[in-house]
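Let's take a friendly walk through this structure together.

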Amino acid sequence: MTEQNRRDNLEERDRETIISSGMDFSEKERSGSFLQQDSGLMFARSLSDGLEIMEIREALDRDPEAAGYFGANFRAAGRDFDRETEGGYFIRVKRGYSIEFPVQACLFLKQRGFKQKVHNLIVVEEGAKAYIITGCSASHSASEGIHLGISEFFVHNGAYLNFTMVHSWQEDVSVKPVSIASVGEDAVFISNYVCLKPVRDVTMYPTALLHGKKARASFNSIILSHPGSLQDIGSRVVLQAEHTQAEIISRAISLGGKVIARGNIKAAARNVKGHLECRGLILPEQGSIYAIPEMESDYRDVDLSHEAAIGRINKDEIEYLRCRGFSPQEAQSLIVRGFMDVGVLGLPDKLKTEIENLENSTLKAGL
Amino acid sequence: MMLEVKDLSVDISGQHILQGVSMHIRKGEVVVLFGPNGSGKSTLLKALMGFEGYSVTTGEILLKGVKIDGLPMEERVKLGIGLMYQHPPQVRGVKLAQIAGRLNADASLVGTMAEKLSLSAHLQRDINMGFSGGEMKRSELFQLILQDPDLLLLDEPESGVDLENISVMGRVLNDYLKNEGKSALIITHTGYILDYIDAKKGCVMIDGRMWCVGRPKEIFENIRNRGYDKCIGCDDRAKSAR
(Lines give C-alpha, C1' and ligand atoms only; values in the text may rest on other atoms or scores of the structure.)
Protein backbone atom coordinates (compact mmCIF):
# COMPACT_ATOMS: atom_id res chain seq x y z
CA MET A 1 0.00 0.00 0.00
CA THR A 2 1.35 3.44 -0.81
CA GLU A 3 1.72 6.11 1.84
CA GLN A 4 -1.15 8.07 0.32
CA ASN A 5 -3.38 4.99 0.52
CA ARG A 6 -2.47 4.35 4.09
CA ARG A 7 -3.30 7.97 4.93
CA ASP A 8 -6.59 7.84 3.09
CA ASN A 9 -7.49 4.60 4.82
CA LEU A 10 -7.40 6.22 8.24
CA GLU A 11 -10.92 6.39 9.60
CA GLU A 12 -12.24 9.90 10.14
CA ARG A 13 -12.58 9.37 13.90
CA ASP A 14 -9.01 8.10 14.08
CA ARG A 15 -7.77 11.06 12.10
CA GLU A 16 -9.50 13.35 14.58
CA THR A 17 -7.94 11.55 17.53
CA ILE A 18 -4.51 11.77 15.93
CA ILE A 19 -5.03 15.46 15.23
CA SER A 20 -6.06 15.95 18.85
CA SER A 21 -2.61 14.79 19.90
CA GLY A 22 -0.94 17.49 17.85
CA MET A 23 -0.54 15.96 14.37
CA ASP A 24 -1.00 18.35 11.46
CA PHE A 25 -1.73 16.29 8.33
CA SER A 26 -1.27 19.30 6.05
CA GLU A 27 2.38 19.46 7.20
CA LYS A 28 2.40 23.12 6.13
CA GLU A 29 4.27 24.22 9.22
CA ARG A 30 6.08 21.02 10.03
CA SER A 31 9.67 20.03 9.29
CA GLY A 32 8.99 16.32 9.21
CA SER A 33 6.45 13.68 10.17
CA PHE A 34 6.28 10.16 11.54
CA LEU A 35 3.18 8.07 12.14
CA GLN A 36 3.07 4.54 13.45
CA GLN A 37 -0.14 2.57 13.97
CA ASP A 38 0.15 -0.32 16.44
CA SER A 39 3.50 -1.74 15.29
CA GLY A 40 3.31 -0.73 11.63
CA LEU A 41 4.83 2.34 10.03
CA MET A 42 2.26 4.56 8.26
CA PHE A 43 4.73 7.17 7.05
CA ALA A 44 8.01 8.87 7.90
CA ARG A 45 9.38 11.85 6.08
CA SER A 46 11.79 14.73 6.53
CA LEU A 47 10.88 18.03 4.91
CA SER A 48 13.92 19.90 6.09
CA ASP A 49 17.65 19.86 5.48
CA GLY A 50 19.61 18.56 8.41
CA LEU A 51 16.73 16.45 9.71
CA GLU A 52 16.52 12.67 9.52
CA ILE A 53 13.38 10.88 10.56
CA MET A 54 12.77 7.18 10.05
CA GLU A 55 11.64 4.00 11.69
CA ILE A 56 14.07 2.83 14.35
CA ARG A 57 14.63 -0.55 12.67
CA GLU A 58 15.79 1.10 9.49
CA ALA A 59 18.16 3.38 11.39
CA LEU A 60 19.68 0.53 13.39
CA ASP A 61 20.12 -1.61 10.27
CA ARG A 62 21.89 0.93 8.16
CA ASP A 63 23.62 3.30 10.57
CA PRO A 64 26.18 2.00 13.08
CA GLU A 65 26.13 5.38 14.85
CA ALA A 66 22.40 5.02 15.50
CA ALA A 67 23.02 1.54 16.83
CA GLY A 68 25.59 3.03 19.19
CA TYR A 69 22.95 5.25 20.72
CA PHE A 70 20.54 2.39 21.33
CA GLY A 71 20.43 1.75 25.09
CA ALA A 72 23.36 4.11 25.78
CA ASN A 73 21.44 6.34 28.20
CA PHE A 74 20.21 3.33 30.14
CA ARG A 75 23.78 2.08 30.46
CA ALA A 76 24.88 5.55 31.60
CA ALA A 77 22.12 5.58 34.23
CA GLY A 78 22.87 2.00 35.30
CA ARG A 79 19.34 0.91 34.43
CA ASP A 80 17.96 -1.93 32.39
CA PHE A 81 15.30 -1.60 29.71
CA ASP A 82 12.82 -3.77 27.88
CA ARG A 83 14.39 -5.11 24.69
CA GLU A 84 11.21 -6.67 23.34
CA THR A 85 10.10 -3.57 21.48
CA GLU A 86 8.67 -3.29 18.02
CA GLY A 87 8.85 -0.01 16.15
CA GLY A 88 9.48 3.51 17.27
CA TYR A 89 11.21 6.41 15.59
CA PHE A 90 14.71 7.67 15.03
CA ILE A 91 15.03 11.43 14.74
CA ARG A 92 18.37 13.11 14.22
CA VAL A 93 19.07 16.82 13.79
CA LYS A 94 22.47 17.28 12.21
CA ARG A 95 25.21 19.37 13.74
CA GLY A 96 24.58 23.10 13.54
CA TYR A 97 21.14 22.89 11.94
CA SER A 98 18.33 24.93 13.41
CA ILE A 99 15.05 23.41 12.30
CA GLU A 100 12.45 26.14 11.95
CA PHE A 101 9.13 24.28 12.09
CA PRO A 102 8.33 21.56 14.62
CA VAL A 103 8.94 17.91 13.79
CA GLN A 104 5.85 15.79 14.45
CA ALA A 105 5.61 12.16 15.45
CA CYS A 106 2.63 10.10 16.50
CA LEU A 107 2.28 6.61 17.93
CA PHE A 108 -1.27 5.46 17.43
CA LEU A 109 -2.93 2.53 19.12
CA LYS A 110 -5.64 0.98 16.96
CA GLN A 111 -6.28 -2.70 17.63
CA ARG A 112 -8.33 -3.83 20.59
CA GLY A 113 -6.07 -5.20 23.35
CA PHE A 114 -2.89 -4.39 21.42
CA LYS A 115 0.31 -4.03 23.38
CA GLN A 116 2.31 -1.33 21.63
CA LYS A 117 5.96 -1.33 22.68
CA VAL A 118 8.28 1.12 20.99
CA HIS A 119 11.82 2.38 21.38
CA ASN A 120 12.57 5.90 20.16
CA LEU A 121 15.90 7.62 19.69
CA ILE A 122 16.15 11.40 19.42
CA VAL A 123 19.55 12.87 18.68
CA VAL A 124 20.26 16.59 18.48
CA GLU A 125 23.86 17.06 17.44
CA GLU A 126 26.21 19.82 18.53
CA GLY A 127 24.78 23.32 18.16
CA ALA A 128 21.57 22.09 16.52
CA LYS A 129 18.09 23.23 17.51
CA ALA A 130 14.70 21.60 17.12
CA TYR A 131 11.14 21.49 18.38
CA ILE A 132 9.45 18.12 18.39
CA ILE A 133 5.79 17.55 19.04
CA THR A 134 4.89 13.98 19.62
CA GLY A 135 1.41 12.70 20.06
CA CYS A 136 0.46 9.37 21.48
CA SER A 137 -3.14 8.43 21.08
CA ALA A 138 -5.59 5.59 20.84
CA SER A 139 -8.47 4.82 18.53
CA HIS A 140 -11.99 4.49 19.95
CA SER A 141 -11.70 0.81 19.07
CA ALA A 142 -8.48 0.26 21.03
CA SER A 143 -9.99 -0.76 24.34
CA GLU A 144 -7.81 -2.58 26.88
CA GLY A 145 -4.72 -1.36 24.99
CA ILE A 146 -1.29 -0.90 26.48
CA HIS A 147 1.38 1.55 25.32
CA LEU A 148 4.96 1.18 26.49
CA GLY A 149 7.26 3.81 25.05
CA ILE A 150 10.98 3.88 25.64
CA SER A 151 12.69 7.09 24.57
CA GLU A 152 16.32 8.09 24.68
CA PHE A 153 17.32 11.69 24.09
CA PHE A 154 20.84 12.81 23.25
CA VAL A 155 21.17 16.57 23.40
CA HIS A 156 24.78 17.27 22.51
CA ASN A 157 26.95 20.24 23.45
CA GLY A 158 25.36 23.59 22.68
CA ALA A 159 22.21 21.98 21.28
CA TYR A 160 18.59 22.88 22.06
CA LEU A 161 15.66 20.51 22.11
CA ASN A 162 12.10 21.35 23.03
CA PHE A 163 10.16 18.09 23.13
CA THR A 164 6.41 18.30 23.69
CA MET A 165 4.46 15.14 24.25
CA VAL A 166 0.69 15.26 23.99
CA HIS A 167 -1.25 12.24 25.21
CA SER A 168 -4.75 11.64 23.93
CA TRP A 169 -5.77 8.18 25.15
CA GLN A 170 -9.00 6.41 25.96
CA GLU A 171 -10.54 5.54 29.34
CA ASP A 172 -9.28 1.97 29.34
CA VAL A 173 -5.77 2.33 27.98
CA SER A 174 -2.68 1.91 30.18
CA VAL A 175 0.42 3.89 29.40
CA LYS A 176 3.99 3.58 30.60
CA PRO A 177 6.54 5.82 28.92
CA VAL A 178 10.14 5.40 30.10
CA SER A 179 12.69 7.95 29.05
CA ILE A 180 16.21 9.10 29.76
CA ALA A 181 17.89 12.17 28.35
CA SER A 182 21.56 13.02 28.39
CA VAL A 183 22.36 16.69 28.08
CA GLY A 184 25.79 18.02 27.16
CA GLU A 185 27.67 21.22 27.88
CA ASP A 186 25.68 24.42 27.38
CA ALA A 187 22.83 22.38 25.96
CA VAL A 188 19.14 22.92 26.74
CA PHE A 189 16.52 20.20 27.04
CA ILE A 190 12.90 21.16 27.56
CA SER A 191 10.46 18.33 28.00
CA ASN A 192 6.76 19.16 28.03
CA TYR A 193 3.97 16.77 28.84
CA VAL A 194 0.32 17.57 28.11
CA CYS A 195 -2.43 15.09 28.97
CA LEU A 196 -5.98 16.38 28.73
CA LYS A 197 -8.04 13.34 27.75
CA PRO A 198 -9.22 10.45 29.94
CA VAL A 199 -6.86 7.50 30.39
CA ARG A 200 -6.98 4.50 32.74
CA ASP A 201 -3.49 4.93 34.09
CA VAL A 202 -0.27 6.64 33.12
CA THR A 203 2.94 6.00 34.98
CA MET A 204 5.99 7.94 33.93
CA TYR A 205 9.15 9.21 35.47
CA PRO A 206 11.43 10.60 32.77
CA THR A 207 15.00 11.31 33.82
CA ALA A 208 17.55 13.80 32.53
CA LEU A 209 21.26 13.44 33.19
CA LEU A 210 22.98 16.81 32.89
CA HIS A 211 26.55 15.73 32.35
CA GLY A 212 27.93 18.82 30.58
CA LYS A 213 28.76 22.07 32.35
CA LYS A 214 26.02 24.74 32.20
CA ALA A 215 23.50 22.28 30.79
CA ARG A 216 19.87 23.11 31.52
CA ALA A 217 16.73 21.00 31.69
CA SER A 218 13.06 21.85 32.26
CA PHE A 219 10.23 19.41 32.71
CA ASN A 220 6.78 20.94 32.47
CA SER A 221 3.54 19.08 32.73
CA ILE A 222 -0.08 20.09 32.27
CA ILE A 223 -2.47 17.39 33.39
CA LEU A 224 -6.24 17.23 33.40
CA SER A 225 -7.38 14.24 35.37
CA HIS A 226 -10.79 12.76 34.61
CA PRO A 227 -12.83 10.56 36.97
CA GLY A 228 -11.38 7.04 37.04
CA SER A 229 -7.94 8.09 35.80
CA LEU A 230 -4.73 7.55 37.72
CA GLN A 231 -1.82 9.65 36.53
CA ASP A 232 1.46 9.06 38.30
CA ILE A 233 3.61 11.67 36.61
CA GLY A 234 7.06 12.58 37.76
CA SER A 235 10.42 13.61 36.49
CA ARG A 236 13.95 13.49 37.74
CA VAL A 237 16.98 15.56 36.93
CA VAL A 238 20.49 14.66 38.01
CA LEU A 239 22.78 17.66 38.01
CA GLN A 240 26.08 15.93 37.28
CA ALA A 241 28.20 18.88 36.21
CA GLU A 242 28.95 22.30 37.67
CA HIS A 243 26.62 25.21 36.88
CA THR A 244 23.87 22.99 35.58
CA GLN A 245 20.25 24.00 36.19
CA ALA A 246 16.93 22.22 36.41
CA GLU A 247 13.33 23.23 36.74
CA ILE A 248 10.34 20.93 37.19
CA ILE A 249 6.93 22.56 36.88
CA SER A 250 3.69 20.70 37.22
CA ARG A 251 0.12 21.97 36.86
CA ALA A 252 -2.56 19.41 37.60
CA ILE A 253 -6.32 19.78 37.62
CA SER A 254 -8.41 16.98 38.97
CA LEU A 255 -11.91 16.68 37.56
CA GLY A 256 -12.32 13.65 39.80
CA GLY A 257 -9.26 11.55 38.97
CA LYS A 258 -6.11 10.94 40.95
CA VAL A 259 -2.82 12.64 40.14
CA ILE A 260 0.50 11.89 41.77
CA ALA A 261 2.94 14.66 40.87
CA ARG A 262 6.50 13.63 41.63
CA GLY A 263 9.62 15.60 41.12
CA ASN A 264 13.19 14.85 42.09
CA ILE A 265 16.25 17.00 41.61
CA LYS A 266 19.59 15.63 42.64
CA ALA A 267 22.62 17.85 43.02
CA ALA A 268 25.59 15.63 42.20
CA ALA A 269 27.98 18.51 41.54
CA ARG A 270 28.83 21.89 43.07
CA ASN A 271 27.25 25.24 42.14
CA VAL A 272 24.11 23.82 40.65
CA LYS A 273 20.59 25.16 40.82
CA GLY A 274 17.21 23.44 40.85
CA HIS A 275 13.61 24.42 41.44
CA LEU A 276 10.44 22.33 41.72
CA GLU A 277 6.97 23.81 41.49
CA CYS A 278 3.76 21.87 41.77
CA ARG A 279 0.34 23.45 41.65
CA GLY A 280 -2.85 21.48 41.84
CA LEU A 281 -6.50 22.41 41.58
CA ILE A 282 -9.22 20.02 42.65
CA LEU A 283 -12.56 20.98 41.15
CA PRO A 284 -15.12 18.43 42.44
CA GLU A 285 -15.38 16.98 45.95
CA GLN A 286 -13.79 13.65 45.18
CA GLY A 287 -10.64 14.38 43.16
CA SER A 288 -7.21 13.79 44.56
CA ILE A 289 -3.75 15.22 44.00
CA TYR A 290 -0.64 14.05 45.75
CA ALA A 291 2.48 16.19 45.33
CA ILE A 292 5.85 14.67 46.16
CA PRO A 293 8.69 17.12 45.57
CA GLU A 294 12.11 15.72 46.44
CA MET A 295 15.56 17.27 46.51
CA GLU A 296 18.87 15.65 47.30
CA SER A 297 22.34 17.06 47.50
CA ASP A 298 25.77 15.63 48.03
CA TYR A 299 27.24 19.12 48.32
CA ARG A 300 26.80 22.31 50.31
CA ASP A 301 27.21 24.85 47.50
CA VAL A 302 23.94 24.22 45.76
CA ASP A 303 20.66 26.09 45.42
CA LEU A 304 17.64 23.78 45.49
CA SER A 305 14.10 24.91 46.26
CA HIS A 306 10.52 23.86 45.85
CA GLU A 307 7.01 25.19 46.22
CA ALA A 308 3.75 23.31 46.14
CA ALA A 309 0.15 24.36 46.52
CA ILE A 310 -2.98 22.26 46.20
CA GLY A 311 -6.57 23.22 46.73
CA ARG A 312 -9.79 24.45 45.28
CA ILE A 313 -10.24 27.63 43.29
CA ASN A 314 -10.19 30.54 45.68
CA LYS A 315 -13.71 31.87 46.23
CA ASP A 316 -12.43 35.45 46.33
CA GLU A 317 -11.02 35.11 42.82
CA ILE A 318 -14.35 33.88 41.44
CA GLU A 319 -16.14 36.71 43.24
CA TYR A 320 -13.69 39.26 41.87
CA LEU A 321 -14.40 38.16 38.31
CA ARG A 322 -18.15 38.10 38.95
CA CYS A 323 -17.82 41.66 40.17
CA ARG A 324 -16.51 42.42 36.67
CA GLY A 325 -19.58 40.83 35.12
CA PHE A 326 -18.45 37.23 34.49
CA SER A 327 -20.87 34.45 35.43
CA PRO A 328 -19.58 31.92 38.02
CA GLN A 329 -19.03 29.36 35.22
CA GLU A 330 -17.16 31.85 33.06
CA ALA A 331 -15.04 32.89 36.02
CA GLN A 332 -14.13 29.28 36.81
CA SER A 333 -13.27 28.53 33.22
CA LEU A 334 -11.10 31.66 32.95
CA ILE A 335 -9.17 30.73 36.08
CA VAL A 336 -8.76 27.09 35.02
CA ARG A 337 -7.50 28.09 31.57
CA GLY A 338 -5.11 30.56 33.14
CA PHE A 339 -3.93 27.86 35.51
CA MET A 340 -3.11 25.58 32.59
CA ASP A 341 -1.07 28.34 30.97
CA VAL A 342 0.91 26.90 28.10
CA GLY A 343 3.24 29.88 28.35
CA VAL A 344 5.42 27.74 30.62
CA LEU A 345 6.16 25.31 27.78
CA GLY A 346 8.52 27.62 25.89
CA LEU A 347 6.85 26.91 22.54
CA PRO A 348 6.92 28.96 19.36
CA ASP A 349 3.70 30.98 18.85
CA LYS A 350 2.04 28.70 16.31
CA LEU A 351 2.55 25.56 18.38
CA LYS A 352 1.48 27.42 21.51
CA THR A 353 -1.79 28.37 19.82
CA GLU A 354 -2.32 24.77 18.70
CA ILE A 355 -1.93 23.47 22.25
CA GLU A 356 -4.16 26.27 23.57
CA ASN A 357 -6.85 25.27 21.09
CA LEU A 358 -6.59 21.65 22.26
CA GLU A 359 -6.97 22.82 25.84
CA ASN A 360 -9.91 25.04 25.06
CA SER A 361 -11.84 22.29 23.30
CA THR A 362 -11.12 19.77 26.07
CA LEU A 363 -11.98 22.19 28.84
CA LYS A 364 -15.19 23.23 27.15
CA ALA A 365 -16.29 19.62 27.24
CA GLY A 366 -14.80 18.83 30.65
CA LEU A 367 -16.04 21.72 32.80
CA MET B 1 -33.01 58.42 41.52
CA MET B 2 -29.79 56.39 41.05
CA LEU B 3 -29.78 54.52 44.35
CA GLU B 4 -32.25 54.14 47.17
CA VAL B 5 -31.35 52.21 50.27
CA LYS B 6 -34.30 51.73 52.60
CA ASP B 7 -33.96 50.51 56.18
CA LEU B 8 -31.17 48.12 55.20
CA SER B 9 -29.85 45.66 57.81
CA VAL B 10 -27.04 43.28 56.91
CA ASP B 11 -25.63 40.33 58.83
CA ILE B 12 -22.30 38.62 58.27
CA SER B 13 -22.03 35.16 59.86
CA GLY B 14 -24.97 36.00 62.13
CA GLN B 15 -23.44 39.28 63.32
CA HIS B 16 -25.49 42.44 62.81
CA ILE B 17 -23.22 44.79 60.89
CA LEU B 18 -25.61 47.27 59.29
CA GLN B 19 -28.71 48.31 61.17
CA GLY B 20 -31.53 50.10 59.42
CA VAL B 21 -29.43 52.13 57.02
CA SER B 22 -31.29 54.48 54.70
CA MET B 23 -29.79 56.76 52.11
CA HIS B 24 -30.18 57.83 48.54
CA ILE B 25 -28.02 59.04 45.68
CA ARG B 26 -29.48 61.10 42.87
CA LYS B 27 -28.46 60.72 39.27
CA GLY B 28 -25.24 62.63 38.72
CA GLU B 29 -24.58 62.95 42.45
CA VAL B 30 -21.34 62.01 44.23
CA VAL B 31 -21.69 61.03 47.88
CA VAL B 32 -18.77 60.60 50.24
CA LEU B 33 -19.03 58.07 53.05
CA PHE B 34 -17.01 58.70 56.20
CA GLY B 35 -16.75 56.62 59.33
CA PRO B 36 -14.23 55.00 61.68
CA ASN B 37 -12.68 51.61 60.95
CA GLY B 38 -15.13 48.76 61.42
CA SER B 39 -18.19 51.01 61.22
CA GLY B 40 -19.71 49.09 58.29
CA LYS B 41 -18.79 51.28 55.30
CA SER B 42 -17.22 48.48 53.26
CA THR B 43 -20.06 46.19 54.30
CA LEU B 44 -22.53 48.65 52.81
CA LEU B 45 -20.64 48.70 49.51
CA LYS B 46 -20.34 44.90 49.40
CA ALA B 47 -24.00 44.45 50.27
CA LEU B 48 -24.94 46.84 47.45
CA MET B 49 -22.76 44.78 45.13
CA GLY B 50 -24.16 41.45 46.36
CA PHE B 51 -21.14 39.68 47.87
CA GLU B 52 -21.68 36.17 49.16
CA GLY B 53 -22.13 36.00 52.93
CA TYR B 54 -23.62 39.51 53.24
CA SER B 55 -27.21 38.67 54.14
CA VAL B 56 -29.83 41.35 53.92
CA THR B 57 -32.17 40.81 56.88
CA THR B 58 -34.38 43.88 56.48
CA GLY B 59 -34.96 46.58 53.93
CA GLU B 60 -34.30 46.86 50.24
CA ILE B 61 -31.94 48.29 47.66
CA LEU B 62 -33.22 49.97 44.50
CA LEU B 63 -30.90 50.81 41.59
CA LYS B 64 -32.58 53.18 39.12
CA GLY B 65 -35.88 52.00 40.56
CA VAL B 66 -35.11 48.28 40.17
CA LYS B 67 -34.92 46.16 43.29
CA ILE B 68 -31.44 44.56 43.20
CA ASP B 69 -31.06 42.87 46.59
CA GLY B 70 -31.32 39.14 45.96
CA LEU B 71 -29.86 39.42 42.43
CA PRO B 72 -26.54 37.70 41.66
CA MET B 73 -23.59 40.05 41.49
CA GLU B 74 -23.12 39.76 37.72
CA GLU B 75 -26.77 40.76 37.20
CA ARG B 76 -26.25 43.88 39.30
CA VAL B 77 -23.18 44.65 37.16
CA LYS B 78 -25.36 44.47 34.06
CA LEU B 79 -27.79 46.93 35.63
CA GLY B 80 -24.98 49.47 35.94
CA ILE B 81 -23.27 49.19 39.30
CA GLY B 82 -19.52 48.76 39.67
CA LEU B 83 -17.12 48.39 42.58
CA MET B 84 -13.52 49.41 43.02
CA TYR B 85 -12.02 47.01 45.54
CA GLN B 86 -10.12 48.21 48.54
CA HIS B 87 -7.99 45.04 48.62
CA PRO B 88 -8.37 43.15 45.32
CA PRO B 89 -7.22 39.52 45.26
CA GLN B 90 -4.44 38.19 43.02
CA VAL B 91 -5.78 36.04 40.21
CA ARG B 92 -3.02 33.81 38.86
CA GLY B 93 -3.23 33.04 35.17
CA VAL B 94 -5.81 35.72 34.33
CA LYS B 95 -4.33 38.69 32.52
CA LEU B 96 -5.47 42.26 33.07
CA ALA B 97 -5.99 42.48 29.29
CA GLN B 98 -8.44 39.56 29.38
CA ILE B 99 -10.70 41.36 31.83
CA ALA B 100 -10.23 44.71 30.09
CA GLY B 101 -11.27 43.16 26.76
CA ARG B 102 -14.35 41.69 28.34
CA LEU B 103 -15.34 44.92 30.05
CA ASN B 104 -15.02 47.02 26.94
CA ALA B 105 -14.82 45.97 23.31
CA ASP B 106 -13.30 49.30 22.28
CA ALA B 107 -9.62 48.35 22.00
CA SER B 108 -8.52 51.93 21.47
CA LEU B 109 -10.25 53.04 24.67
CA VAL B 110 -8.57 50.16 26.53
CA GLY B 111 -5.21 51.33 25.18
CA THR B 112 -5.81 55.00 25.97
CA MET B 113 -7.02 54.36 29.50
CA ALA B 114 -4.12 51.98 30.15
CA GLU B 115 -1.74 54.70 29.04
CA LYS B 116 -3.44 57.39 31.11
CA LEU B 117 -3.17 55.23 34.21
CA SER B 118 0.36 54.00 33.37
CA LEU B 119 -0.81 50.41 33.03
CA SER B 120 0.19 49.59 29.45
CA ALA B 121 2.95 47.28 30.65
CA HIS B 122 0.58 45.57 33.09
CA LEU B 123 -1.98 44.44 30.53
CA GLN B 124 -0.17 41.17 29.86
CA ARG B 125 0.46 40.46 33.53
CA ASP B 126 -1.61 38.28 35.83
CA ILE B 127 -4.04 40.47 37.73
CA ASN B 128 -2.48 41.99 40.83
CA MET B 129 0.39 39.47 40.87
CA GLY B 130 3.37 41.49 42.02
CA PHE B 131 1.49 44.80 41.58
CA SER B 132 2.42 47.56 44.04
CA GLY B 133 -0.35 49.13 46.15
CA GLY B 134 -0.64 52.05 43.74
CA GLU B 135 -0.67 49.79 40.68
CA MET B 136 -3.51 47.75 42.15
CA LYS B 137 -5.58 50.88 42.74
CA ARG B 138 -4.89 52.20 39.26
CA SER B 139 -5.82 48.82 37.81
CA GLU B 140 -9.06 48.86 39.79
CA LEU B 141 -9.97 52.33 38.52
CA PHE B 142 -8.95 51.29 34.99
CA GLN B 143 -11.31 48.30 35.07
CA LEU B 144 -14.12 50.31 36.59
CA ILE B 145 -13.95 52.97 33.90
CA LEU B 146 -13.89 50.36 31.14
CA GLN B 147 -16.91 48.72 32.76
CA ASP B 148 -18.66 52.09 32.46
CA PRO B 149 -21.16 51.73 35.32
CA ASP B 150 -23.70 54.41 36.20
CA LEU B 151 -23.11 54.01 39.92
CA LEU B 152 -19.49 53.71 41.06
CA LEU B 153 -18.72 52.30 44.48
CA LEU B 154 -15.19 53.28 45.48
CA ASP B 155 -13.73 51.75 48.62
CA GLU B 156 -10.83 53.95 49.73
CA PRO B 157 -9.55 54.61 46.23
CA GLU B 158 -6.54 56.57 47.46
CA SER B 159 -5.28 54.38 50.31
CA GLY B 160 -1.69 53.27 49.77
CA VAL B 161 -1.29 55.56 46.74
CA ASP B 162 1.38 58.27 46.58
CA LEU B 163 0.30 61.88 46.06
CA GLU B 164 1.38 62.00 42.43
CA ASN B 165 -0.73 58.96 41.60
CA ILE B 166 -3.68 60.24 43.62
CA SER B 167 -3.66 63.27 41.37
CA VAL B 168 -3.58 61.09 38.22
CA MET B 169 -6.41 58.91 39.53
CA GLY B 170 -8.40 61.88 40.83
CA ARG B 171 -8.34 63.54 37.41
CA VAL B 172 -9.34 60.37 35.56
CA LEU B 173 -12.17 59.80 38.02
CA ASN B 174 -13.35 63.39 37.83
CA ASP B 175 -13.39 63.30 34.02
CA TYR B 176 -15.49 60.16 34.15
CA LEU B 177 -17.95 61.54 36.67
CA LYS B 178 -18.53 64.59 34.49
CA ASN B 179 -20.33 62.30 32.04
CA GLU B 180 -24.10 62.61 32.01
CA GLY B 181 -25.84 60.91 34.91
CA LYS B 182 -22.83 59.17 36.50
CA SER B 183 -23.05 58.82 40.27
CA ALA B 184 -20.66 57.58 42.93
CA LEU B 185 -20.44 56.50 46.53
CA ILE B 186 -16.90 56.96 47.81
CA ILE B 187 -15.34 55.82 51.07
CA THR B 188 -12.36 57.90 52.15
CA HIS B 189 -10.27 58.22 55.30
CA THR B 190 -7.67 60.64 54.09
CA GLY B 191 -9.98 62.97 52.23
CA TYR B 192 -7.34 63.51 49.50
CA ILE B 193 -9.74 62.45 46.80
CA LEU B 194 -12.04 65.35 47.74
CA ASP B 195 -9.56 67.74 46.11
CA TYR B 196 -10.30 66.27 42.71
CA ILE B 197 -13.99 65.50 42.63
CA ASP B 198 -17.07 67.60 42.97
CA ALA B 199 -18.89 65.94 45.87
CA LYS B 200 -21.72 67.92 47.44
CA LYS B 201 -22.95 65.38 49.95
CA GLY B 202 -21.23 63.44 52.69
CA CYS B 203 -22.53 60.96 55.28
CA VAL B 204 -21.01 59.50 58.40
CA MET B 205 -21.50 55.89 59.37
CA ILE B 206 -20.85 54.76 62.92
CA ASP B 207 -21.59 51.32 64.37
CA GLY B 208 -23.57 50.25 61.33
CA ARG B 209 -25.85 53.28 61.39
CA MET B 210 -25.93 56.38 59.26
CA TRP B 211 -25.50 59.49 61.42
CA CYS B 212 -25.08 62.83 59.83
CA VAL B 213 -25.34 64.24 56.38
CA GLY B 214 -23.73 67.45 55.18
CA ARG B 215 -21.14 69.01 52.98
CA PRO B 216 -18.28 66.52 52.67
CA LYS B 217 -15.47 69.02 53.19
CA GLU B 218 -17.12 70.39 56.33
CA ILE B 219 -17.74 66.92 57.70
CA PHE B 220 -14.16 65.96 56.95
CA GLU B 221 -12.84 69.09 58.71
CA ASN B 222 -15.08 68.35 61.70
CA ILE B 223 -13.86 64.77 61.95
CA ARG B 224 -10.28 65.91 61.61
CA ASN B 225 -10.60 68.57 64.29
CA ARG B 226 -12.99 66.93 66.74
CA GLY B 227 -12.98 63.20 65.98
CA TYR B 228 -15.91 60.89 65.34
CA ASP B 229 -17.15 61.06 68.99
CA LYS B 230 -18.15 64.68 68.61
CA CYS B 231 -19.45 64.00 65.17
CA ILE B 232 -22.13 61.72 66.67
CA GLY B 233 -23.35 64.71 68.67
CA CYS B 234 -24.22 66.49 65.51
CA ASP B 235 -27.98 67.10 65.29
CA ASP B 236 -28.14 66.71 61.60
CA ARG B 237 -29.09 63.07 61.68
CA ALA B 238 -29.35 60.63 58.84
CA LYS B 239 -33.12 61.03 58.96
CA SER B 240 -32.80 64.24 57.03
CA ALA B 241 -31.16 62.35 54.22
CA ARG B 242 -34.28 60.36 53.53
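## A covered strand in chain A

Strand E14 of chain A, residues 216-225, is mostly covered, with nine of its 10 residues buried. Keep in mind that this is a predicted model.

## The neighbours of E14(A)

Let's see how this strand pairs up. Strand E11 of chain A (residues 188-195) runs parallel to E14(A), and eight bridges join the two. As an example, A:Ser218 in E14(A) has A:Ile190 opposite.

E14(A) is also joined to strand E16 of chain A (residues 245-254), again in parallel, by 10 bridges. Here A:Ile222 has A:Arg251 in E16(A) as its bridge partner.

## Where chain A meets chain B

Now for the interface. On the chain A side, 19 residues are in contact with 26 residues of chain B. The two chains bury about 2,000 Å² between them, and carbon and sulfur atoms give 57% of that area. A:Tyr320, A:Cys323 and A:Arg324 supply 36% of what chain A buries against chain B, more than any other three residues.

## Polar and charged links

Which side chains meet in a salt bridge at 2.8 Å, N to O? They are those of A:Arg322 and B:Glu74. The count between chain A and chain B is three salt bridges, and nine residue pairs are in polar contact across the interface.

Helix H6 (315-323) and helix H7 (328-339) of chain A are the elements that each give two or more residues to the side touching chain B. H6(A) gives the most, with eight residues. By type, the residues on this side of chain A are seven nonpolar, three polar and nine charged.

Terms used:
Residues numbered from 1 in each chain as written. Chains lettered and ligands numbered in written order. Predicted model: local features only at pLDDT ≥ 70, side-chain atom pairs only at ≥ 80, totals over all residues. Heavy atoms only, no water. Contact = heavy atoms within 4.5 Å. Buried area = accessible area lost by both parts, 1.4 Å probe. Salt bridge = Lys/Arg side-chain N within 4 Å of Asp/Glu carboxyl O. Polar contact = N/O pair within 3.5 Å; in protein donor to acceptor, adjacent residues only side chain to side chain. Helix = DSSP H or I, 4+ residues; strand = E, 2+ residues; numbered from the N terminus. Nonpolar A, V, L, I, M, F, W, Y, C, P; charged D, E, K, R; others polar. Buried < 20%, exposed > 50% of the residue type's maximum accessible area, 1.4 Å probe, protein only. Pairing = 2+ DSSP bridges.
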